[in-house]
Structure formats: C-alpha cells, structure tokens
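Subject: Structure handover

Hello,

Here is the structure we spoke about.

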Amino acid sequence: KRDSKFAELTPEHVKWFRETLGTDSAILDGVNQDAGDDMEPFNSDWMRKYRGHAKLVVKPGNTEEVSKILKYCNDNMLAVVPQGGNTGLVGGSVPVFDEIVINLARMNQIRSFDDVSGILVADGGVILEVADNFLAEKNHIFPLDLGAKGSCQIGGNVATNAGGLRLLRYGSLHGNVLGLEAVLPDGTIVDDLCKLRKNNTGYDIKQLFIGGEGTIGIITGISILCPQRSNALNVAYFGLESFEKVQEAFREAKNQLGEILSAFELMDGRSQKLYNTASGNRLPLEGEHPFYCLIETSGSNTEHDQEKLEAFLEHVMGEEIVSDGVVAQDQTQIKELWGCREGVPEHLGHWGGVYKYDLSIPIGEMYSLVEECRERMMKAGLLGDSEDKPVVDVVGYGHMGDANLHLNVPVRRYDKAVEKELEPWVYEWVQKRHGSISAEHGLGIAKKPFIGYSRSETMVRLYKQIKDLYDPNGIMNPYKYI
Ligand code: FAD
Ligand code: 2HG
Ligand code: ZN
C-alpha cells in the first residue's frame, strides 16, 4: 500500500524541478503531460517483473543538483528511487508506486586517474564498460566485471556491492572502493572521496553505502583502486562428468594456477543447452557434458602463463578430472567462450520469465540444491516440454570460485503455483546450511520478505536504526528491504 505520509506530485513541484535543472532533457514529465512509452524504461526493471508508476524522472547533471533535488524532496515529503543503469535483479531500481526516479545517467564524467597508484575517481553515473575502456587505454582494469557492463553504472555497482566474474581475483568492492561522494536525503553532501589505501581514522562510513541499495543516500562519485591490466590473458572452457570433478578441478586450478587465476565459473549442462537454443550460438565442445567450467588466467608474462596453463591442462585431462576442453586461441575465441557464461542470464529469459535465486552455499553442497529443486518441480508436475507446463527447466550456474550459485528456473509464464513450490523452500534450504539468500544482487523488493533467513532480528533492528539516522523521513527508496 502506498504510504500516505508521502506527498503526491503537483504541477508546482514539477515546475520547481524544471527551473532547478534548467534543461528540458533532464526531466521526463508525466504530471503535466502524458509521457507515454517514454516513461516505461524507467518504471520497469530488466526482468520485466516489477513495474512502478513514477510520473517524474529527473536526471541531475552534477552533485549540487542531486543535493538540491534531495533537499527539496525531503522538505516536501516526496519519495524517490535512485536509478543507475536499471539492470538490478531484485526490483530495487524501479519505483513501487509513484516515487520520483532520480536517474544518474547524465553524471558520466571520469574525474581523475593516477597511473602510478591506479586510483580512478569518477561520477557515479559512468557506465562500467566506459570506465573499463578508459582504464584499458591506461593499461589498467576496473576491478569488477559483469554481463551487464554495457549498461550498468559504477554507482549502481557500488550501491548493490556487485560481485561479478572476477571477484575471486580482485576481491569485493568493500575492499576496492577507497572513497565515496554521496548525498544524504536532507541534501548534505558527504565528501569522502578518499584516495588513500590506508585510512584508519574512525568509522568507515562509506561501507554503509556499498551495498546500501540506495536506501540511505545517492552515490555521486567513487574513488576506486584499479589493478594493472594483464599482458597475458587466457581463457579455457571444460566439460566435466560430475560436480565432484568440478570441485577437484577448482582445487587443482588454485593449486597450479594460483596467482594468475582470475575467474573460475561454473555452468551446468542444462544452462548451456538453453543458452545454445535461445541464442543460436554454438557451444565450444562436441558432445554433451553434465557440467562446464570457464577458467580465466591473467598474468604479466605470456610464456610463464602458457606453461602453467598447459601443465594444468595436462594434469586435469590425464587424471580424468576434466573430460574435454578448449583453450581460446585469439580475442574472438575469448569472447565466444565468455559469451557461453555471460550470455546465460540474458538468454534464459527467452521462454517468458525466470525465477532467480542468487545464493551463497558451502561449496560442496552448492549443486545439490539444483538437483533437489528440479526433482521438486517434476514431482509437482510443473516441469516439462509441453506448453501447459510452466517450468522449462531448472538450471544452476555461477561463480564457483566464490561459492555463489545462481539457481534459475526459466518459465513460460510467471505462475503462483511455481512460486509456492520455490519459496520459502529455497530460502529454508539455504538457511539450514548457513548460506546467504543474496550473495551479490542485494535484497531490493524481491527478497524483502525473506531477510530473516539470512539476518537475525538484532541485525535487522540495527539496519533500521541506521536507516532512521540517515533518512528520518524515509524518502529514500521506500518499500524496499528496509
Ligand atoms: P540499478 O539497477 O539502476 O540499481 C540497483 C540498486 O542500486 C537500486 O536499489 C538503486 O536504487 C540503487 N542505485 C543505483 N545507482 C545508485 C546510486 N548512484 N546511488 C545510490 N543508489 C543507487 N550482479 C553481480 O553482482 N554480479 C554479476 O555477475 C551480475 N551480472 C549481471 C548480468 C546481467 C545480464 C544483469 C542484467 C545483471 C547482472 N548483475 C550482476 C546485477 C547487478 O546488480 C547489476 O547489473 C548492477 O550492479 C547494477 O547497476 P545499475 O547501475 O544497473 O543499478
Ligand atoms: C551472473 O553471474 C549474474 O551472470 C546474473 O549475477 C545471475 O541472472 C542470474 O541469476
Ligand atoms: Zn553472478
């Protein structure tokens, strides 16, 4: 239910925004006019699962404008939702009712880069791929990579504490982000754009914004430590017989590739099959395997890396840990192999919808959830090839190196009966194993009712206290997990 404490937008409010932002391209006005389809992309999420009814989208051009906007909204009890690239997977980036969308797309400037320290300072609205391309020219790399890089923004990445494909190597944003500039709901600009690796001077407040999902303020600037780009990049793709073999391969990869290993990703055979069907892209290996892994190495010495990789391959093939495999020979093949992993989320949507679960599970038990879930769907008569069955398949893939499983249930249509079989069963399963119900996507609105499966009442109480401290009127991204 819409919270009646929030004001409804009036033409006078819109007039204020128009005058303050000064340019027509910074505002999408559905109050004075019918904004029609133009409003749709801001009101609906990437999965097309959540839809809001915002009548106003504002796109500030700098931090001062964000500050003015938030102060005005706070003074007038207007609820807002911060929005980056709108690629989030938990419904956090779209309004629930008529919250004003504050979209960061115009705040897209790189502010500075130091090629000795590797520290990049940039606006929150810079698109991840743009930041990484900029860094490539300077022989550096953004310490985060993910399938949505072409549209997600670094502010959105920080707000969700995104993990992605190379966390195994470069670590989490909680470590790489050195400083932030953020605007609080009352308009206060928090300038903590620290460019120091070490700074133990009191509470590390920026950590609350990292993964805060836009509930306490808007991230307008980021200072982040970026590693040197590797000269030697290799990608291999394997087929394996069982999840036990996948674990063995992972152990061996850490053992033998250690410091050059930059990704170890898992895809089950079904996820690859559906990727192949939906995308039309061929799979790299002949025949079918129950499991596939993608390994990436990045090092500073081509010869040394090649030698190591070859020794590793010889070992895992010789020991029959891996049944078949291929190593990319050039950039095109590297892209093709990565496509088989990165392209999975996009193509699973092909049949209509997907129920997604982003879970941390003790590594040995990671895949049994997928098997049990599939059995459950079969037993309930919901899974099958025919049109009358809602469930297309149950698949698992994810970041093996981080023990982060993406359980995906692609469906022909969203269906209450499927949902009832899945929830809270999946969350109970994860809770029993002391896992996390959200490893890297956040809680948004999708996981709001389930926070208790991963966090105690005490923790949730502390969250609420922090929320009240930073956002006493509750205007920031309301109705979401907090
Ligand atoms: P949005 O979706 O716009 O927003 C996400 C949340 O952050 C919302 O709650 C929003 O209110 C808030 N927010 C956005 N910008 C700001 C800001 N400047 N200040 C404060 N709050 C803000 N995630 C992973 O962790 N790993 C992956 O490998 C991964 N792969 C993905 C692949 C695909 C194809 C897709 C569609 C998504 C993937 N994601 C992944 C999900 C991931 O959360 C997002 O892609 C990304 O981090 C969100 O950035 P965004 O700019 O799109 O944020
Ligand atoms: C990935 O790792 C993303 O590809 C998306 O985190 C996972 O869609 C998903 O379930
Ligand atoms: Zn992921």
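Start with ligand 2. Leu89, Gly147, Pro345, Lys356, Asp358, Gly398, His406 and Asn408 surround it. Two elements give two or more residues to this shell: strand S14 (353-360) and strand S16 (404-411). By class, the shell around ligand 2 has two nonpolar, four polar and two charged residues. Keep in mind that this is a predicted model.

Now ligand 1. There are 38 residues around ligand 1. Five glycines come nearest: Gly84, Gly88, Gly92, Gly155 and Gly156. The shell around ligand 1 takes two or more residues from each of strand S3 (80-83), helix H5 (154-160), strand S9 (218-225) and helix H13 (344-348). Which element gives the most? That is H5, with five residues. The shell around ligand 1 divides into 14 nonpolar, 21 polar and three charged residues.

Next, the protein chain as a whole. The protein chain has 17 helices and 16 strands. A compact globule of 482 residues would have a radius of gyration near 23 Å, and the protein chain agrees, at 23 Å. Its C-alpha trace spans about 70 × 60 × 45 Å along the principal axes. Of the 482 residues, 50% count as buried. Take the contacts between residues at least 6 apart in sequence: 73% of them join residues at least 24 apart.

Which residues of H3 are buried? They are Glu65, Val66, Ile69, Leu70 and Cys73. These residues cover an arc of only 130° around the axis, which means that they sit on the same side of H3.

What covers the buried residues of H3? The cover includes helix H1 (11-21), strand S2 (56-58), S3, strand S4 (100-103), strand S7 (177-183) and S9. S3 and S9 also give two or more residues each to the shell around ligand 1. After H3 comes Met77, with a positive phi near 55°.

Best regards

Terms used
Residues numbered from 1 in each chain as written. Chains lettered and ligands numbered in written order. Predicted model: local features only at pLDDT ≥ 70, side-chain atom pairs only at ≥ 80, totals over all residues. Near = placed C-beta within 6 Å. Helix = DSSP H or I, 4+ residues; strand = E, 2+ residues; numbered from the N terminus. Nonpolar A, V, L, I, M, F, W, Y, C, P; charged D, E, K, R; others polar. Rg over C-alpha atoms; globule rule 2.2 N^0.38 Å. Buried ≥ 20, exposed ≤ 12 C-beta atoms within 10 Å, placed from the backbone. Contact = placed C-beta atoms within 7 Å. Arc of directions from axis to C-beta.
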